[in-house]
Amino acid sequence: DDSSGKPLNIIHRDMSPQNIMVSFEGEIKVVDFGIAKAEGEKEETKAGTLKGKFSYMSPEQASGERIDSRTDVFSLGIVLWELLANKRLFTSSSEMNTLKKIREGKIPAISKINPNVPEELERIVNIALAKDADNRYQTCAEFYKDLNRFLNRFYPDFSSHDFSIFVKSLYADEVLSNRKKFVEY
């Protein structure tokens, strides 16, 4: 808040792969704050209306309950689970069935789908995906801290520069095309 200097505690409410961008420099950016709100801000949405992508909602969001920043933690947990499992977590034949699956909170073990996922990383994902928000990471900063600790412990030589090189190698043709466009411009 500009006047008080207090954090607004923004809740994104639509954390999903489509709203997480990775730059060629390996920077990760969250975009599209179109339905974000500050914690405690009065909700203008009509009762019973859900905002966000159903497959990435937290159990409390899918139930239409009051949400806080822990809902974003859950959504990011889904994204990480899907990256590690290489498959969608909550899908169904209808939106209502998808919401029902989320409210049930049954999370398949990643290690059963991808045995290469380290036990410690699976533990971190499971905390982020706890059905009860009180058992989840309370902030994205806590989630990040555990992920960073894992990265430093298991991949101590990894750097953001390494990630940048990896991203550029994945999109080498696009990087070259962009450079040519800049030169032409």
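In which helix is Met-96 found? Met-96 lies in helix H3, where helices are DSSP runs of H or I with at least four residues, numbered from the N terminus. The structure is a predicted model, in which local features need pLDDT of at least 70 and side-chain atom pairs count only at pLDDT 80 or more, while totals for chains, interfaces and linings use all residues. Residues are numbered from 1 along each chain as its sequence is written, and side-chain values use heavy atoms, with hydrogens and water left out.

With a relative accessibility of 56%, Met-96 counts as exposed (buried means under 20% relative accessible area, exposed over 50%, and partly exposed in between, with a 1.4 Å probe and protein chains only). Ser-164, a residue of helix H7 (residues 160-170), is buried, with a relative accessible area of 6%. When residues up to four places away in sequence are not counted, Ser-164 touches Phe-24, Glu-25 and Gly-26; contact means heavy atoms within 4.5 Å.

The largest nonpolar core has 27 residues. Such a core is a set of buried Ala, Val, Leu, Ile, Met, Phe, Trp, Tyr and Cys residues joined through side-chain atoms within 4.5 Å. Helices H2 (70-85), H3 (95-104), H5 and H6 each supply at least two residues of this core, and the largest share, 9 residues, comes from H2. The residues with the most contacts inside the core are Ile-78, Trp-81, Leu-84, Val-125, Leu-129 and Phe-143. Leaving aside neighbours within four places in sequence, Val-125 is in contact with Gly-77, Leu-80, Trp-81, Leu-84 and Ile-110.

Val-125 is also one of the buried residues of H5, together with Leu-121, Glu-122, Ile-124 and Ala-128. These residues lie on the same side of H5, because they cover an arc of only 160 degrees around the axis, the arc being that of the directions from the helix axis to the C-beta atoms. The buried residues of H5 pack against H2, helix H4 (110-113) and H6.

The axes of H5 (residues 119-128) and H6 (residues 140-154) come within 10 Å and cross at roughly 175 degrees. Axes are lines fitted to C-alpha atoms, for helices over the stretch in contact, and angles run from 0 to 180 degrees between N-to-C directions. H5 is therefore roughly antiparallel to H6, a description applied to angles over 145 degrees. Among the residues making the contact are Leu-121 and Ile-124 of H5 and Phe-143 and Leu-147 of H6.

Note on methods
Parallel < 35°, antiparallel > 145°, perpendicular 65-115°, else oblique.
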